[in-house]
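Please open the model in a viewer and keep the selection panel at hand.

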Amino acid sequence: MRIIRGKFGRRRFDVPSNITARPTTDFARENIFNVLENMMDFDGASCIDLFAGTGAISLEMVSRGAASVIAVEKAAVQARFIEKVRQQLNCSELKLVRGDALKFIASPGPVADLIFADPPYDMENFEDVVPAILSSPRCGEETLVVVEHGKTRDYSALPAFLEHRAYGSVNFSIFRKKQD
């Protein structure tokens with residue numbers, strides 16, 4: 001796993017072979033972050049990474065200047081890896097929450113500037129992820145929401161939909177309640 005840009009840019013970490021997560025490719029991650037940097041300022045941002053997997057998205061957020069990132073991961077192997085890398089980088093901006101991402105996002109807490117979700121593509125009730133995030137107390141009018149998904153999903157009919165981006169087989173839909 002490689003952190004692409006920012007204060008941890010070019011750092012590499014060996015992902016354990018027993019991790020079951022499907023990490024976002026470097027190519028897709030680099031491109032979606034280029035898009036996001038044109039939509040928001042990461043300096044001082046508050047972010048949430050749901051279904052954090054290897055933590056690559058969380059670490060990219062911190063590396064680019066986010067003041068706080070909550071990485072939510074249920075699987076023990078992935079959570080241990082995220083915590084190990086967090087400690088290696090002495091990354092106090094990153095907080096790991098071990099638990100169910102949808103239960104976490106439904107809980108009260110501060111509004112985030114960015115919420116990123118990369119649920120397993122074969123997750124039961126995948127279609128509930130976007131509505132759960134958009135109705136969350138952690139999602140404000142200005143919050144950018146990014147959901148990674150397979151090519152068969154189309155969210156363009158949702159009122160908060162902004163745009164769709166595809167990088168190879170990786171698809172992202174971007175949402176914001178308040179349309180500019």
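Select Thr143 first: in this predicted model, its relative accessibility is 1%, so Thr143 counts as buried, the cut-off being under 20%. The residue belongs to strand β5, which covers residues 139-149. Display the polar atoms next. The side chain of Thr143 reaches the backbone oxygen of Ala112 at 2.6 Å, and a polar atom of that side chain lies 2.8 Å from the backbone nitrogen of Gly140. Then show the surroundings: leaving aside residues up to four places away in sequence, Thr143 touches Val111, Ala112, Asp113, Leu114, Ile115, Arg138, Phe175 and Arg176.

Now select Tyr121, in the loop between β4 (112-117) and α5 (129-134). Is Tyr121 buried or partly exposed? With a relative accessible area of 27%, Tyr121 is partly exposed. Its side chain makes a polar contact with the side chain of Glu148 at 3.2 Å. Beyond residues up to four places away in sequence, the residues that Tyr121 touches include Arg22, Phe126, His149 and Arg153.

Finally, turn to the largest pocket, whose volume is about 460 Å³. Select Phe51, Gly53, Glu73, Asp118 and Pro120, which lie nearest its centre among 27 lining residues. By class, the lining has 14 nonpolar, 7 polar and 6 charged residues. Colouring α2 (56-63), β2 (68-73) and α4 (101-106) marks elements that each supply at least two residues of this lining.

Definitions and conventions. Residues are numbered from 1 along each chain as its sequence is written. This is a predicted model: local features need pLDDT of at least 70, side-chain atom pairs count only at pLDDT 80 or more; totals for chains, interfaces and linings use all residues. Side-chain values use heavy atoms; hydrogens and water are left out. Helices (H or I, at least four residues) and strands (E, at least two) are DSSP runs, numbered from the N terminus. Buried means under 20% relative accessible area, exposed over 50%, partly exposed in between (1.4 Å probe, protein chains only). Contact means heavy atoms within 4.5 Å. A polar contact is a pair of N or O atoms within 3.5 Å; within protein, one must be able to donate a hydrogen and the other to accept it, and residues adjacent in sequence count only if both atoms are side-chain atoms. On a 1 Å grid over the protein atoms alone, a cavity is a set of points where a 1.4 Å probe fits but cannot get out, and a pocket is an open set with protein on both sides within 12 Å along at least five of seven lines; lining residues have an atom within 4 Å of a point. Grid points are joined across faces, edges and corners, and a volume is the space filled by probe spheres set on the points. Ala, Val, Leu, Ile, Met, Phe, Trp, Tyr, Cys and Pro count as nonpolar, Asp, Glu, Lys and Arg as charged, and the others, Gly among them, as polar.
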